[in-house]
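Subject: Handing over the structure, with notes on what was found

Dear colleague,

I am passing the structure on to you below, and I would ask you to keep it open beside this message while you read. My notes follow it, element by element.

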Number of protein chains: 2
Amino acid sequence: MPPTGPPAEPPATDRPAARPTSKDVAKLAGVSQSTVSLVHAGKWHGRVSERTVQAVHEASATLGYRPNQAARHLRLGTTRTVLLVVPALTNPFFGAVHTGASEAAARRDFSVVVYPSPIRAGTELAPFASPFAAAHTALDGVLASSMALESLSELLGGTGPGPGLPLVMLDSAPEAGPPTVNVEVAAGMHALVTHLLALGHRRFARLVPDIDGWTFTARENAYRAALRDSGAVHVAHARTEFSVHEAAEAALTLLDTPEPPTALVCDDDVLAAGAYKAARRQGLRIPEDISITGFDDLIIATVLEPELTTVRLPAHQLGETGMTALLDLLDGRRPESTSLAAELTVRGSTAPPARR
Amino acid sequence: MPPTGPPAEPPATDRPAARPTSKDVAKLAGVSQSTVSLVHAGKWHGRVSERTVQAVHEASATLGYRPNQAARHLRLGTTRTVLLVVPALTNPFFGAVHTGASEAAARRDFSVVVYPSPIRAGTELAPFASPFAAAHTALDGVLASSMALESLSELLGGTGPGPGLPLVMLDSAPEAGPPTVNVEVAAGMHALVTHLLALGHRRFARLVPDIDGWTFTARENAYRAALRDSGAVHVAHARTEFSVHEAAEAALTLLDTPEPPTALVCDDDVLAAGAYKAARRQGLRIPEDISITGFDDLIIATVLEPELTTVRLPAHQLGETGMTALLDLLDGRRPESTSLAAELTVRGSTAPPARR
DNA sequence: CTGAAAGCGCTTACAG
DNA sequence: CTGAAAGCGCTTACAG
């Protein structure tokens, strides 16, 4: 049986089963509270005798002592907790970002709290009820995806005086101010378009998400740049919500034309999955009649048949590197903005265009 | 420019830009600290005059006051933080569970910390460095998936004396002790097999993950039960790692036989994706030559072509309901174990078997 | 209706 | 090498 939450009634036994404190440990070990603290903090060398250290460890083990975090936080003025702000954890890409970030945080004894960013802005909450409102004092720093930037202004010292929180941005314009950890999406897109050009494609189209964000602008710019002076043309463009079925509808508008493109460059694997559906509805074979590409290299990329040519984004590493940068920032170091490689991954969805 | 972590040097200005405390608010409003606290806690009715309340609110706003959480936690003995333990957030199912749980928590002003459960058991950490070690004092409760049960023993009062943490289990044997919130996977499986039987299938096979867990046992038992006395036979069974390509290999062993099954029941959409690949490698058409089913109804289910007949598991609702139960438990109420419906979702991957 | 005081459990100068 | 004391910022009896 698990305990039933808050103590309903202090048990009448002589031992109230209260969590042992450092005072209890001190008493049992026959030393002072200071010594217990020193020993647990590993700051005892040259200050506490070996014997005493032993005694403290034994007493701690006997009582099952765990330091009270709230007390440490209050005393130290730090919470060893950081906030990760991402658009949605249901997107496996950000799940991987979270995992990488959590691992890096755990290695340095930090916890990660996540808020999927579409915090309903309209919801009026009690003065300090909003998760973000508490943030100022419950968090040491913030690691945020640019796709959630608006939700952040409040966090970062928006209201009233007082300093904002230390911040590292993921995937955002490097010149924006805070340190950034980016993925080289431009290079990835360049490699992708170059691959399609080398296959002989000359008629390109784009399927992009209905989301603003540095990363999508960067992809678009790199796509345009790669096509420039290539002899190939960009014939059309469609925006879509981030779902397979919506993407299929949007892709249909691109394909259902007198002179359809031979290469369809999608900004995400999920959108590419929609493009597959549209192509098939049009009776087009992939890759013989139309080459389709994605971005991310999620599990979906290998579920699709033929498997998807895409640009692999190192999600896990992005979270890990971003968290490391944030922790460095908290240590008073000034992390450099970095950029992680994005790798073109060629699979079965791209081929030379059919002769027409 | 964001602040650079810990104060390097207290700025020489007269206003050290320190975070304002309730004392500062009290001074500015010309009242006592107690009054400030009462006002912010909303416990002032009948105890503080309207005018004073106004003054406190104004002073708070002027200073940009936010209560220090660490101090509240220390004083109150509660952290308003709960731990969510799941196998992997990269699995979109658990991403959705997290989202649901976070929303329910935020509504009651709780935060959620997540640890993907495969905590490397071998890694020796400093005495209190492990995220779990701190848990005893930094958390109020735990919401855990059964697929991560081993990692939990330590959390729940394993080492030493002292009470464990209040716990609600997701997807685990209801009789196990702690309150549980389950999905009716058995009913879902029953509906699925009944659907296949009604289509005329008589030769079944199973593709299951190489993972232990109540939910998979429940699925297996329900599958067996549904087949019993149906006139149909279970012809084979394969276990596989949780990946598309591994699942494809395993499925191949089921299909590459003299008398292959006509219906392949997979315990997850990802495994079903592997089965599609195996079927195609064998030259089998879906659903004409083989019906394939999944479980979960992830995005993959609609990416596959034909789209996958599967059992929809309400991941978001599971997280939401589970969190609500945990918060009720923390409030001293005794939540009832509940079970959420799992809905059979028929799509294009199932059809009557070919005459042979 | 309002304020002074105690205390949550820790860490860190400081004194010995 | 070790201990007594102060104080982080809050909330809550308690006294007026």
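Which residue follows α2(A), and is its phi positive or negative? The residue after α2(A) is A:G42, and its phi is positive, near 70°. Helices here are DSSP runs of H or I with at least four residues, strands are runs of E with at least two, and both are numbered from the N terminus.

Before going further, please note that this is a predicted model, in which local features need pLDDT of at least 70 and side-chain atom pairs count only at pLDDT 80 or more, whereas totals for chains, interfaces and linings use all residues. Residues are numbered from 1 along each chain as its sequence is written, chains are lettered from A and ligands numbered from 1 in the order in which they are written, and side-chain values use heavy atoms, with hydrogens and water left out.

Chain A as a whole

Chain A contains 13 helices and 12 strands. Of its 356 residues, 52% count as buried, where buried means under 20% relative accessible area, exposed means over 50%, and partly exposed lies in between, all with a 1.4 Å probe and protein chains only. If we take the contacts (heavy atoms within 4.5 Å) in chain A between residues at least 6 apart in sequence, 74% of them join residues at least 24 apart.

Helix α2 of chain A

This helix covers residues 33-41, and A:T35, A:V36 and A:V39 are buried in it. These three lie on the same side of α2(A), because they cover an arc of only 100° around the axis, the arc being that of the directions from the helix axis to the C-beta atoms. The buried residues of α2(A) pack against α1 (22-29) and α3 (50-63) of chain A.

Strand β8 of chain A and its partners

In strand β8 (residues 263-266), A:A263 and A:V265 point one way while A:L264 and A:C266 point the other way, and all are buried. Strand β6 (residues 203-209) of chain A runs parallel to β8(A) and is joined to it by four bridges, pairing being counted if DSSP finds at least two bridges between two strands. Within β8(A), A:V265 stands opposite A:R206. Strand β9 (residues 291-293) of chain A also pairs with β8(A) in the parallel sense, over three bridges, and A:I292 in β9(A) is the bridge partner of A:L264. From β8(A) the chain crosses through helix α11 (residues 269-281) to β9(A), and this β-α-β crossover is right-handed; that is, with the strands pointing away from the viewer, the path from the first strand over the helix to the second runs clockwise.

The loop between β4 and β5 of chain A

A:S172 lies in the loop between β4 (167-170) and β5 (180-183), and A:P174 lies in that loop between β4 and β5 too. A:S172 is buried, with a relative accessible area of 6%, whereas A:P174 is partly exposed, at 42%. Leaving aside neighbours within four places in sequence, A:P174 is in contact with A:T180, A:N182 and A:W214. A:P174 and A:W214 are 40 residues apart in sequence, with 9.6 Å from C-alpha to C-alpha.

The two DNA strands

Around DNA strand C there are 25 residues, the closest being A:S22, A:Y65, A:R75, B:S34 and B:R47; a residue counts as near a strand if one of its heavy atoms lies within 4 Å of it. Helix α4(A) gives the most to the surface near DNA strand C, with four residues.

DNA strand D has 24 residues around it, of which A:S34, A:R47, B:S22, B:Y65 and B:R75 come nearest. Sugar and phosphate account for 61% of the atoms of DNA strand D that come within 4 Å of the protein.

With best wishes
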